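This briefing concerns a metal site, a loop residue and the pockets of a protein model. Please read it alongside the sequence and structure displayed below.

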Amino acid sequence: MEDCIFCKIIKREVPSSIVYEDGEIIAFRDVNPMAPVHILVIPKKHISSLVDLEKDDELLIGKIYTVINKIAKQEGIDEKGFRVIVNCGEDGGQEVKHLHFHILGGKKLGVKICG
Ligand code: 5GP
Ligand code: ZN
């Protein structure tokens, strides 16, 4: 996926502030944060959106939520709470076509927080 900005972040072709990485998942700070903590968690495998998930991805998606749990604790937002958002497709306001999970926290969140 040569044109995918998130694939470029994975390959370190585009700089980012990485907060977590393992063999399958990477998480980095959103370049345009909508909250004091705004982190994107993505699979390293290029999956375009939620509707492109396959049965074989079930374990990976489960692992992403465990990573979100870990990052929330790392960022100190686990006790006060946070929000996880996945925008999907045109109506969902998805801009980057590489599946990503927004973690938003560090303040009392409003109704519309991203997109
Ligand atoms: P979407 O609207 O697709 O759900 O969210 C895409 C998010 O990716 C946006 O919040 C946007 O700020 C973020 N983003 C887009 N390009 C980059 C980039 O090059 N680096 C980082 N760190 N975030 C990006
Ligand atoms: Zn990609």
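**Loop residue, zinc site and pockets**

D52 is located in the loop between β3 and α2. The model is a predicted one. The points below begin with this residue, then turn to the zinc ion and the pockets.

**D52 and its surroundings**

- D52 has a relative accessible area of 38%, and it is therefore classed as partly exposed, since that class lies between the limits of 20% and 50%.
- Apart from neighbours within four places in sequence, the residues in contact with D52 are I47 and D57.
- Between D52 and L40 there are 18 Å in space, C-alpha to C-alpha, for a sequence separation of 12 residues.

**Zinc site (ligand 2)**

- Four residues coordinate the zinc ion (ligand 2): C4 and C7 through SG, and H46 and H98 through ND1, at 2.1 to 2.3 Å.
- The geometry of this site is tetrahedral, the angles among the 4 donor atoms being 102 to 116 degrees.
- Along the chain, the donors of the zinc ion (ligand 2) have the spacing C-x2-C-x38-H-x51-H.
- H46 is partly exposed because its relative accessible area is 22%, whereas H98 is buried because its relative accessibility is 0%.

**Largest pocket**

- The volume of the largest pocket is about 470 Å³.
- Its lining comprises 23 residues, and those nearest the centre of the pocket are D30, V31, L40, E95 and V96.
- Two or more lining residues come from each of α1 (5-10), β2 (25-29) and β3; the largest share, 3 residues, is that of α1.
- By class, the lining of the largest pocket consists of 11 nonpolar, 9 polar and 3 charged residues.

**Second largest pocket**

- For the second largest pocket, the computed volume is about 170 Å³.
- Residues lining the second largest pocket include G76, I77, K80, G81, F82 and R83, as well as L104, G105, G106, K107, K108 and L109.
- At least two residues of this lining are supplied by β4 (82-85), and at least two by β5.
- The lining of the second largest pocket divides into 4 nonpolar, 4 polar and 4 charged residues.

Definitions and conventions:
Residues numbered from 1 in each chain as written. Chains lettered and ligands numbered in written order. Predicted model: local features only at pLDDT ≥ 70, side-chain atom pairs only at ≥ 80, totals over all residues. Heavy atoms only, no water. Donors = N, O, S within 2.8 Å, 3.2 Å for Na, K, Ca; no water. Tetrahedral: all angles 85-135°; square planar, octahedral: opposite > 155°, others 65-115°. Buried < 20%, exposed > 50% of the residue type's maximum accessible area, 1.4 Å probe, protein only. Helix = DSSP H or I, 4+ residues; strand = E, 2+ residues; numbered from the N terminus. Contact = heavy atoms within 4.5 Å. 1 Å grid on protein atoms, 1.4 Å probe; cavity = no way out; pocket = protein on both sides within 12 Å on 5 of 7 lines; lining within 4 Å. Points joined across faces, edges and corners; volume = space filled by probe spheres on them. Nonpolar A, V, L, I, M, F, W, Y, C, P; charged D, E, K, R; others polar.
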